[in-house]
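Q: I am new to this entry and would like to learn how to read a few of its features. Can we go through them one at a time?

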Amino acid sequence: MSRVLVIGCGGVANVAIRKCCMLPEVFTELCIASRTKSKCDALAAELKDKTTTKITTAQVNADSVEELCALIKSYKPDLVMNIALPYQDLTIMEACLQCKVNYMDTANYEPEDTDDPEWRKVYDKRCKEQGFSAYFDYSWQWAYRKRFEEAGLTALLGCGFDPGVTQAYCAYAKKHEFDEIDTIDILDCNGGDHGYAFATNFNPEVNLREVSAPGSYWEDGHWVEIPAMSIKREYKFDQVGDKDMYLLHHEEIESLAQNIPEVKRIRFFMTFGQSYLTHMKCLENVGMLSTTPINFEGHEIVPIKFLKALLPDPASLGPRTHGKTNIGCIFTGRKDGKEKTYYIYNVCDHQECYREVASQAISYTTGVPAMCGALMMLTGKWTTPGVHTVEEFDPDPFLAALDQYGLPKSESHDPALVP
Ligand code: NDP
């Protein structure tokens with residue numbers, strides 16, 4: 001029996017909400033609140049006769065702590081699921097603290113306005129000290145650790161697939177397969193084809209910022225940064241086939257380096273097709289990925305926001321995307337004094353996801369772990385007070401829930417390694 005407030009009603013939230021409604025015995029009441037209330041109302045109307053979960057909707061501007069607090073105080077949820085954008089992480093965490101309610105999200109904080117001088121000061125210092133230049137990092141949310149701990153509240157960060165399930169895979173490898181892990185390669189392959197020359201599978205602004213940034217990896221206790229897309233490897237993915245993949249910076253590397261301190265190297269690779277890369281480079285070269293506002297015929301526009309308006313809505317890709325995703329982690333290390341390797345991954349089919357929840361696999365592989373993370377928190381399995389990433393909790397009940405609710409794991413004890 002629980003009341004959950006979901007903030008955001010985009011691609012990922014749509015999947016998470018539909019999955020929550022398949023477990024009405026846990027998710028007894030849900031409030032869907034977002035900037036555009038009509039989207040929440042449409043989803044609530046669609047689900048009305050399909051679930052016994054009692055659904056209500058609300059309008060909220062999640063950039064405003066005041067508005068969030070008013071909503072939380074009136075709805076009185078047991079948990080707030082932040083499935084809006086990373087820009088809202090801090091305001092929603094702040095509101096949860098003020099109203100004494102547990103929190104979770106699917107991506108770590110980054111500011112909407114990267115030209116904000118106050119934020120820039122902190123960012124420039126961090127770039128110099130840490131050695132990676134991504135706009136996002138955990139420091140902003142880890143700064144809330146003490147306050148959540150003292151309030152006896154839990155904040156679960158980054159509970160999608162990557163970050164999220166990939167960290168549970170690391171915790172699982174550490175618990176069951178290795179005494180010591182030497183290297184972790186996280187491989188994110190999307191073998192899906194939506195038929196467009198260029199489209200992004202989740203929020204274009206967040207996606208293009210991430211992909212066009214310099215890559216980096218963790219090695220021997222420090223970050224190594226490289227120019228964007230400058231390390232390329234080929235890999236043969238189970239049920240997908242041969243793909244080109246590129247080394248990217250990714251948020252879970254930062255927490256894994258702290259929580260599995262013996263690891264000597266952590267890398268993250270994502271597959272991209274040539275058409276995607278050519279379009280992205282061109283858009284970057286002409287300034288369309290910029291977040292700095294420009295004046296156009298008397299109107300102020302932000303180029304990347306304008307681009308977002310032109311691109312297909314990721315939520316519309318479901319019916320036209322065919323193929324599979326394959327996301328997982330390859331480990332090297334030792335067990336009982338013997339060298340060993342291990343690969344744990346999930347394969348997910350775009351069309352099967354569409355048939356089940358009217359979405360493509362990228363939103364599905366994020367929304368299902370969000371639901372399963374909420375399930376862990378609401379059923380008393382992941383309740384340690386403080387601000388935590390997924391690898392800090394027991395992976396077993398979470399992976400069992402993923403097996404049951406649509407993202408079963410596959411394993412290999414003799415995987416091909418990435419050079
Ligand atoms: P969408 O853009 O599809 O949805 C975002 C939703 O948030 C929209 O409903 C939007 O409202 C709402 N929103 C935005 N700003 C506000 C605001 N100020 N107040 C209230 N609501 C707001 O994004 P996705 O569903 O693709 O992504 C959701 C999250 O999941 C993102 O944080 C993304 O980074 C993360 N993600 C994580 C992954 C993982 O594996 N961990 C993978 C993919 C995504 P409106 O409809 O009005 O625009």
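Q: How do the residues of the shell around the ligand divide into nonpolar, polar and charged?
A: Keep in mind that this is a predicted model. The shell around the ligand holds 13 nonpolar, 11 polar and 4 charged residues. In total 28 residues surround the ligand, and R35, T36, K39, A62 and N203 are the closest.

Q: Which polar side-chain atom lies 2.8 Å from an oxygen atom of the ligand?
A: To read a polar contact, look for a pair of N or O atoms within 3.5 Å. Here the side chain of N203 supplies a polar atom 2.8 Å from a ligand oxygen. The side chain of N61 has a polar atom 3.3 Å from a ligand nitrogen. With D162 the polar atom belongs to the backbone, and it is 3.0 Å from an oxygen atom of the ligand. As for cover, the ligand taken alone exposes 940 Å², and the protein buries 92% of that.

Q: Is the peptide bond from D162 to P163 cis or trans?
A: Most peptide bonds are trans, and most residues other than glycine have a negative phi. The bond from D162 to P163 is cis, and its omega is near 10°. P163 sits in the loop between β6 (154–157) and α8 (165–177).

Q: What is the phi of K100, positive or negative?
A: K100 is not a glycine, yet its phi is positive, at about 60°. This residue is in the loop between α4 (89–99) and β5 (102–105).

Q: At what angle do the axes of α13 and α14 cross?
A: Two packed helices are described by the angle and the distance between their axes. For α13 (residues 350–357) and α14 (residues 361–378), the axes cross at roughly 65° and come within 8 Å. The crossing is left-handed.

Q: Which residues make the contact between α13 and α14?
A: From α13 come H350, C353, E356 and V357; from α14 come A361, I362 and Y364. These residues divide into 5 nonpolar, 1 polar and 1 charged.

Key: Residues numbered from 1 in each chain as written. Predicted model: local features only at pLDDT ≥ 70, side-chain atom pairs only at ≥ 80, totals over all residues. Heavy atoms only, no water. Near = heavy atom within 4 Å. Polar contact = N/O pair within 3.5 Å; in protein donor to acceptor, adjacent residues only side chain to side chain. Areas by Shrake-Rupley, 256 points an atom, 1.4 Å probe, with all protein chains shown as cover. Nonpolar A, V, L, I, M, F, W, Y, C, P; charged D, E, K, R; others polar. Axes fitted to C-alpha atoms, helices over the stretch in contact; angles between N-to-C directions. Helix = DSSP H or I, 4+ residues; strand = E, 2+ residues; numbered from the N terminus. Left-handed = near helix turned anticlockwise from the far one by under 90°. Contact = heavy atoms within 4.5 Å.
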